[in-house]
Structures are given as structure tokens and as C-alpha cells.
Amino acid sequence: MFKNLSKYLPKTCLWTFTLIITAIIFGPKSLVYSANVTMAWSANTEPNLAGYYIYYKNGTSGPPYNGTGVDEGDSPIKVPVGYFADPANPEYTMHGLSDTEISFFVLSAYDTEGNESGFSNEVYYIDVPASNLPPDTTNIVYPENYSGDVEVPLDITTAAFSDPNNDDHFQSQWQISEQSNFSKRVVDIASDNYLTTFSVPHMVLKSNHKYYVRVRFFDIYFTASNWSSTVEFTTAYFFVDLNGNGISDADEVDDSVDFNLDGIPDNYQPQIIKCVKASDGSVSIGIEKASSTAEEIESLEVIDPDTISDTFNRPADLIFGLFAYRLRVTNPGDTATIRIYFSGDIFESDVFYKYDTINGWYDYSEHTTFNDDGQSITLEVKDGGYGDSDGLANGVIVDPGGIASGGDSYSNLGSNIVGCFIATAAFGSKFEKHVQLLRRFRDFYLMPNRIGRMFVKAYYKYSPPMADFIAKHDSMRAMVRISLLPIVGVSWIALKIGPVSIVALMLIFISCFVGLVCFRRRYKE
Ligand SMILES: [Ca+2]
Ligand SMILES: [Ca+2]
Ligand SMILES: [Ca+2]
Ligand SMILES: [Ca+2]
């Protein structure tokens, strides 16, 4: 059985060119103990092409492709172009693949200088036994059929998986549509992560709107069950947008915002740019169309990262939180570019992260440009491809993402340490721009060295009660804000211009901290 998954596989492309290869697989099929597979693909046409790498693995789809055990060698198998009898129609046969597990394959090309392209689409191979039967048809248990007021974000859940051969549950395909016959879908995602619960991607579902959902299960041989019976539901009225600009009326920016610096308030330019602010006012973001294929920014919102239940690979610190938008493109499958402005400094060392249901959290650097203004990035996104989380070339791109501080990881301090408690208490929000600078300073200059980490650890141990105390006293808050300003200033210089004396900075931190402790003691007495 052969199938093209055409799945987007994020991979940092280190090289100046990217090659797309479409691979197909065909027989001969299995021998007695193990399978032989021949792959064929469209040849790469770069003049300095030197060969291909064939990557494989067994079990689950997606990287890392670190398979072993094939007679030709461990993954990746390097095949110089001279190997092929007909380089215009390359074919390659592998011997000794597993005949009980699914094998997945991707290809890359390399040139005469050793540069490697990105991956091709993924293909798979499995030898299906004649006795295999499809899994039993499931049914959706939440939401219930004809239910209204369904809260968003929504997790759809099904009954448990069962299979007449007792096979394992390999994958589920989830479809949501505005039509009862599913002629056009707003979501069509096959996931081996969301098997009996599906977290509908952000921005897919509109407020107070009727939808239809269905699901089918796949066993380990990629044999599909029948579709579940369709469930009709209506979302709650969760989005008040009386002026119809696609931004929650409570989260609109005022007329002073002019991210694109053309002298016209962005609020008067909805055809070009749309802006939103976090509900506490600490962060605002503007999204501007940057290619002719970007037809309309339909909707934009700031979202709480905690509403995404999948935390695997999630960056520890999303400097401006997360935001999501819905972009309509001219034609299904179009590639579009947009420019995103932030209400605070961003740095080249930052990393733009995205989340989608198929790939989870991933580094989006390959399609992100940090602009010279230090306040904006340009993103390239493709309907049904990279940067689109609805899994479909349907003319709409839905896209949650955020800026992660590029500093060192500090997960060894325990989970959820993202705030600078004292600064947060003084400035009112962890996303406030002064607090952001301090968080970055911590990540860049304190976390990478041992003394810095010790200080941060002590700080996180002793500062929460202090922060509580500060937050409750307005005069203290003002005083702390003023006393933090020199530190913020030095942090800014360090981040912007480069490392100054770290020891001196840490001394300032420590002396301010000690000063606060003493002050609090005296204040209490
Ligand atoms: Ca089966
Ligand atoms: Ca509005
Ligand atoms: Ca403007
Ligand atoms: Ca799409």
C-alpha cells in the first residue's frame, strides 16, 4: 500500500536553496521475512546537484528520521547522482525493511559543495495483511448533536478506539465544515497525536456560528473506519465585534497607534493593517498585508498560551504572549507574506514560534525575517502548508504564533517560571515592556552562567512574597518602578549594544534586591 502524506515537515534550512522533491513508492512488495521497497521521485534540476539523502524510520510519522536496519545502511542513506542509471528519473530500492511496522521516508538533495536541501514530502510503506479489517466506527461524545452555546476553544471528544483485529489506533482524521455534506471544510486534519480528543485550532471557529463535525479512525495499517455520524453544533457568542472589523471591540487599539509609520492611524487603514491589544493593555500587535496574495486579515486576537493543552516543545517564555489571526488569500494554496509589528523591542536573537495541531510547537525561523526596525518581523505562510494550522488549502490561513526569547533555557528551575515577580508587581504585567527587557536580560546574561543561575534561583525563591507586598502598596510600586529604571536601562544597553560588564550588572541587581529586603524589614517595624 502506498500513500502520499504530503505533510509539512519543519526543518531549519541552513542553505541558500530549497528543493522540493515529490516522491512516490512502488513495489515489489514483501519477501518472506522483510520488505523491499523501491522509491521513485521527480529529479532535482539544480546544475550542481551531487546526489540525494534517503531518510527513513519505522513506527510514527514525522522527524527525526533516524531509522536503522535496512541492508543499504542506517538513515540517511547517501546516494550520489552517479548511482542512477537514469538520473532524470531516479529510483532507489531498499532491502530488509520491517514487514510489521509502517516505514516512513523523506528525501533531500545535496549539491557539489555539500549543501543540503530541505525535506521532500513524507511517504510511507506498509504491507497490509489480507486478514486486516477496518477499525470500528466511532461516535462523537462531545459536543452533543444539535448543541448550542458550545464554548471555544473547543476540544472534540470521541468514544474509545476498537478494532476487530485488536490493532492499535494509529491516527484519526477530523473534519469540520459549515456544510452538512462537508463539501468545503474549515478543518481537515489527520493526527497521530489527537486520537480521541481534538483541540480545534485557534481562529478556525467563528462566534455564534453553526458547524458540522465528523471523525474516522485508522489502524496501524492505515486502514480507515467509516466516518462517525455527523454532529451539528453552534458556537457560543464569544466575540463581540459590533463594528465588524474582525477584532474584539474590547481589544481594539486607540487612534494613536500607527505601527506602519505612514502618519495615518492604523484604525483608519483596515484594508492594509489591523491591530489588537491584550486585554490588560500591556501588549499590542499589528498585522499588515505584505503581498498581493494576502487578500484580507479577517480576524486577529491575543490568546493565552495556556489554552493550548499541548506543551511539548513549547518555548519557556513567549515575550509578547501568543496571538492568532485568520488571513484570506486570493486563491486556495497561495503563499502570502505579512508583516507583524510589536509594541516593544524585538531582537535578532529572538525566535518566532508557531503552534499547529499536526506539528505541535516549532521554530518558524525558516519562514521568518526580522526587520531592521527592531519592531517587526515578516512571515511567509502557505495555505494548506507551512504556517497554516487548518490542514487545508481552502483559501484561509489560520495561524497562532509568538516571539520567544532566544536566551538560554531555564527549565531546570521548574516549570512556569516566566515572570520577574518584583518588576511585574511594580509595572503591572509580565508583558509590560520594561519587564520584557528584564526577562530578556535574565535569559541572555544570567542564565548562561553558573553565578547568574544561582542568583536567578535565589531570586525566584525569595521574591514572590516581596512582589505580593509591593503589589499591595501603590507608593512602593512607584518607588520600585523608579529604582528599577537604571537596571532596565543597563539591560537595554547590554541587549542592544552587546555585553557590558556582567559582574557590574549583577552587583546592581543584588544591591537593589538587598536594599528592598532591608526596606521591607524596616517598613514592617
Ligand atoms: Ca485492523
Ligand atoms: Ca471590532
Ligand atoms: Ca498607519
Ligand atoms: Ca488553510
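Six bridges link strand β20 (residues 322–329) with strand β26 (residues 396–404), and the two run antiparallel. The model is predicted. The points below cover the sheet that holds these strands, another sheet, and a contact between helices.

**Sheet with β20 and β26**
- β19-β20-β26-β22-β23 is the strand order of an open sheet of five strands, paired in antiparallel fashion.
- At its edges stand β19 (294–303) and β23 (360–363); each has a single partner strand, so one side of each lacks a neighbour in the sheet.
- On average, neighbouring strands of this sheet are turned by 30° against each other, direction ignored.
- Within the pairing of β20 and β26, R326 lies opposite V398 of β26.

**Sheet from β17 to β24**
- Five strands in the order β17-β18-β21-β25-β24 form an open sheet, again with antiparallel pairing.
- β17 (273–277) and β24 (368–370) are the edge strands, each pairing on one side only.
- β24 is joined to strand β25 (residues 376–382) by three bridges, and the two run antiparallel.
- The bridge partner of F370 in β25 is I377.

**Helices α2 and α3**
- Helix α2 (residues 433–446) and helix α3 (residues 450–472) have axes that come within 9 Å and cross at roughly 145°.
- On the α2 side the contact involves R442, Y445 and L446, and on the α3 side G452, R453, F455 and V456.
- Four of the residues in this contact are nonpolar, one is polar and two are charged.

Technical notes. Residues are numbered from 1 along each chain as its sequence is written. Chains are lettered from A and ligands numbered from 1 in the order in which they are written. This is a predicted model: local features need pLDDT of at least 70, side-chain atom pairs count only at pLDDT 80 or more; totals for chains, interfaces and linings use all residues. Two strands pair if DSSP finds at least two bridges between them. Helices (H or I, at least four residues) and strands (E, at least two) are DSSP runs, numbered from the N terminus. Axes are lines fitted to C-alpha atoms, for helices over the stretch in contact, and angles run from 0 to 180 degrees between N-to-C directions. Two residues are in contact if their C-beta atoms, placed from the backbone, lie within 7 Å. Ala, Val, Leu, Ile, Met, Phe, Trp, Tyr, Cys and Pro count as nonpolar, Asp, Glu, Lys and Arg as charged, and the others, Gly among them, as polar.
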